[in-house]
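Me: Hey, I've got a structure open and I'm new to it. Can you walk me through some of the details?

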Amino acid sequence: QLQLVESGGDLVQPGESLRLSCAAFDFTSDYYTLGWFRQAPGKEREEVACISNHDGGTTYADTVKGRFTMSRDNVKKMVYLQMNSLKPEDTAVYHCAAGPRDCGLEYDYWGRGTQVTVSS
């Protein structure tokens, strides 16, 4: 059982930056595909970034491309989401997830999420 715990969510102003962290307990190196998702009230869940366990490549949703950067530290068992130039539409609960399948497919493990609010 893989446990994921997110942190770093906050209230920020438009244009500011924020880094989310995800602690992945019992994490086994490159076995898992890792993803960051977000869900805003009344909207569908969106996969914003993903690191594939197949080729190690990182993909981003068009809505965050060029502003968000996902990274992983296998030694520290941490996953990060650096978010720059934040916009009000980035407001959502952000979850990290892991699973043995490739990006865009079903994930088996989910964190409880951390709230990001972008507002002036």
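This is a predicted model: local features need pLDDT of at least 70, side-chain atom pairs count only at pLDDT 80 or more; totals for chains, interfaces and linings use all residues.

Me: OK, and where does Ser 85 lie?

Reply: You'll find Ser 85 in the loop between S8 and S9.

Me: What's the phi of Ser 85?

Reply: Phi there is near 50°, a positive value, and Ser 85 is a residue other than glycine. For background, most residues other than glycine have a negative phi.

Me: Which other non-glycine residue has a positive phi?

Reply: Lys 77 has one, at about 60°. Lys 77 sits in the loop between strand S7 (68-73) and strand S8 (78-83).

Me: Is Lys 77 buried, exposed or partly exposed?

Reply: Partly exposed, since the relative accessible area of Lys 77 is 35%.

Me: Switching topic. How many disulfides are there?

Reply: The count comes to two disulfides. One joins Cys 22 to Cys 96, with 2.0 Å from S to S. Those two cysteines come from distant parts of the chain: Cys 22 is in strand S3 (residues 18-25) and Cys 96 is in strand S9 (residues 92-99), 74 residues apart.

Me: Is the link of Cys 22 and Cys 96 right-handed or left-handed?

Reply: Right-handed, with 55° about the S-S bond.

Me: And are Cys 22 and Cys 96 buried or exposed?

Reply: Cys 22 counts as buried because its relative accessibility is 1%. Cys 96 is buried too, with a relative accessible area of 1%.

Me: Now Cys 50, what does that form a disulfide with?

Reply: Cys 50 forms a disulfide with Cys 103, and their sulfur atoms are 1.8 Å apart. This pair also links distant parts of the chain, 53 residues apart: Cys 50 is in strand S5 (residues 46-51), while Cys 103 is in the loop between S9 and strand S10 (109-110).

Me: Why is the disulfide of Cys 50 and Cys 103 called left-handed?

Reply: Because the torsion about the S-S bond is about -85°. Cys 50 itself counts as buried, at 1% relative accessibility.

Me: If I number the bonded cysteines in sequence order, what's the pairing?

Reply: The pairing is 1-3, 2-4.

Me: Which residues do ring pairs link into a cluster?

Reply: Tyr 31, Tyr 32 and Tyr 109.

Me: Does Phe 37 pair up tilted or edge-to-face with Trp 110?

Reply: Tilted: the centres of Phe 37 and Trp 110 are 4.7 Å apart, and the planes make an angle of 55°. Phe 37 lies in strand S4 (residues 33-39) and Trp 110 in strand S10, so the pair ties together parts that are 73 residues apart in sequence.

Me: Last one: what lies over the face of Phe 37?

Reply: Arg 45 does, at 5.5 Å from the ring centre.

Note on methods. Residues are numbered from 1 along each chain as its sequence is written. Side-chain values use heavy atoms; hydrogens and water are left out. A disulfide is a pair of cysteine sulfur atoms within 2.5 Å. Helices (H or I, at least four residues) and strands (E, at least two) are DSSP runs, numbered from the N terminus. Buried means under 20% relative accessible area, exposed over 50%, partly exposed in between (1.4 Å probe, protein chains only). Rings of Phe, Tyr and Trp (its six-membered ring) pair if their centres lie within 6.5 Å; planes under 30 degrees apart count as stacked, over 60 as edge-to-face and the rest as tilted. A charge sits over a ring if NZ of Lys or CZ of Arg is within 6 Å of the ring centre and within 35 degrees of the ring normal.
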